[in-house]
Amino acid sequence: QVQLMESGGGLVQAGESLRLSCIASGSIGSFRAMGWYRQAPGKQRELVARFVDGGPTTYADSVKGRFTISMNNAKNAVYLQMSSLKPEDTAAYYCNVFHRVGADYSPFGRWGQGTQVTVSS
């Protein structure tokens, strides 16, 4: 089973930046795709960004142009550089690893504790 550990969250003011990190351990497999989700109180977990090695990079419309995802295969790590943060970005952020399911991708790691990002106005 794949274990995930997120870090880098915090309390920032609107307009500031944060960089989240995630390390995956366990049976990740040879196909490399990792990404970030977030969940705000009272809302469903949503995909923020996904990086597919050799494939498409996906961003939620709400973060395009502000967030950048990157992956380090050697470290089994994924990062999320968040800039121009807004109060609506406030949420717990979770990472995961994906495998391909047909034309789509599905997370299969064990969800970690997440890292809290709070943006004040």
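The following exercises, with worked solutions, concern a predicted model.

**Exercise 1.** Determine the strand order of the open sheet of four strands, and state which strands lie at its edges.

*Solution.* Step one is to read the order across the sheet, which is β1-β3-β8-β7, with antiparallel pairing. Step two is to find the strands that pair on one side only: these edge strands are β1 (3–7) and β7 (67–72).

**Exercise 2.** Describe the pairing of strand β3 with strand β8, and name the bridge partner of Leu18.

*Solution.* Strand β3 covers residues 18–25 and strand β8 covers residues 77–82. The two strands pair in the antiparallel sense over six bridges. For Leu18, the bridge partner in β8 is Met82.

**Exercise 3.** Locate the disulfide, give its handedness, and decide whether Cys22 and Cys95 are buried or exposed.

*Solution.* Cys22 belongs to strand β3 and Cys95 to strand β9 (residues 91–101), so the pair ties together parts that lie 73 residues apart in sequence. For the last step, the cut-off is needed: a residue is buried when its relative accessible area is under 20%. Cys22 has a relative accessibility of 0% and therefore counts as buried. Cys95, with a relative accessible area of 0%, is buried as well.

How values were computed: Residues are numbered from 1 along each chain as its sequence is written. This is a predicted model: local features need pLDDT of at least 70, side-chain atom pairs count only at pLDDT 80 or more; totals for chains, interfaces and linings use all residues. Side-chain values use heavy atoms; hydrogens and water are left out. Two strands pair if DSSP finds at least two bridges between them. Buried means under 20% relative accessible area, exposed over 50%, partly exposed in between (1.4 Å probe, protein chains only).
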